[in-house]
Amino acid sequence: MRNSSSVLRSGLTVAAAALPLALAAVPAAAGPGISVSTTGSTVSVTTTSCTQINGSWGTASLLTSSQGSFAQGRQVTLSGTATNQSAAWSNVTPGTYTVIVICSDGTTAGTQSVVVSTASPTPSRSATPTPSPSRGVMGGFGGSSTDYGTVTLVAGGTLVGSGLIATAWYLRRRNKPYRL
């Protein structure tokens, strides 16, 4: 009884792990219609439904919420190939829009709503470099970059030199064996 329980649990675990992989492996069914996407303030639409008649694939229109007909929107002519047609609108202000695509034969390829959000501002680099400080870093207690006179520098050098000599003398005396 115990073995069948662990086998059942193992089987369920494997099935649960395989389900997302199986769903991801099945491609989505491509049907007629349109696909609308936004990037910043640009709205684009693609379709595979239209056929070319007299050199034209059709027209796409971007309608605001206050516009009611295809003719009132911002119209763009579709461009593309026999397998993929597209249109795009740039500098679209934030809001909710409806995209309608009408093929050149008069059929509607699809209608879809899209929300354009405010685009985040991109950081820009300054072309002119900022000037560096002229006097260096002013750290410490407010006097670390003061110009000292010759007497102060000589006195400081003497103290540093005497400290080095005293350190060498102490280390040398320490290494000698004890004398009685």
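These are my notebook entries on a predicted model of one protein chain.

**Entry: ground rules**

I number residues from 1 along each chain as its sequence is written. The model is predicted, so local features need pLDDT of at least 70, side-chain atom pairs count only at pLDDT 80 or more, totals for chains, interfaces and linings use all residues, and side-chain values use heavy atoms, with hydrogens and water left out.

**Entry: confidence**

I looked up pLDDT, the predictor's confidence in each residue, from 0 to 100. The chain averages 75, and 63% of the residues score at least 70. Over residues 10-31 the pLDDT is below 50. I then looked for contacts (heavy atoms within 4.5 Å). Beyond near neighbours in sequence, residues 10-31 have zero contacts in the model. I keep a rule in mind: where pLDDT is low, the predicted coordinates should not be read in detail.

**Entry: the sheet**

I take helices (H or I, at least four residues) and strands (E, at least two) as DSSP runs, numbered from the N terminus. Two strands pair if DSSP finds at least two bridges between them.

What is the order of the strands in the open sheet? I read β1-β2-β6-β5, four strands with antiparallel pairing. β1 and β5 stand at the edges, each with a single partner strand, so one side of each has no neighbour in the sheet.

I went through the pairs next.

- β1 (residues 34-39) and β2 are joined by six bridges. Ser37 has Ser44 of β2 as its bridge partner.
- β2 and β6 run antiparallel, with five bridges. Thr47 is bridged to Gln85 in β6.
- β5 and β6 share two bridges. Gly80 also has Gln85 of β6 as its bridge partner.

The hairpin of β1 and β2 has two residues between the strands. There I found Gly40 with a positive phi near 65 degrees.

**Entry: the two faces of β2**

I recalled that in a regular strand the side chains alternate between the two faces of the sheet. Which residues of β2 form the covered face? I list Val43, Val45 and Thr47. The uncovered face holds Thr42, Ser44 and Thr46.

**Entry: positive phi**

Most residues other than glycine have a negative phi. I noted Asn54, with a positive phi near 55 degrees. Asn54 sits in the loop between β2 (42-47) and β3 (58-64). I checked burial next (buried means under 20% relative accessible area, exposed over 50%, partly exposed in between; 1.4 Å probe, protein chains only). Asn54 counts as exposed because its relative accessibility is 81%.

I also noted Asn91, with a positive phi of about 55 degrees. Asn91 lies in the loop between β6 (85-89) and β7 (95-103). Asn91 is exposed too, at 63%.

**Entry: Ala82**

Is Ala82 buried or exposed? Ala82 has 64% relative accessibility, so I call it exposed. Its place is the loop between β5 (79-80) and β6. Ala82 and Thr51 are 31 residues apart in sequence. In space, I find 6.8 Å from C-alpha to C-alpha.

**Entry: helix α2**

I turned to Tyr170, in helix α2 (residues 150-175). Tyr170 counts as exposed because its relative accessibility is 51%.
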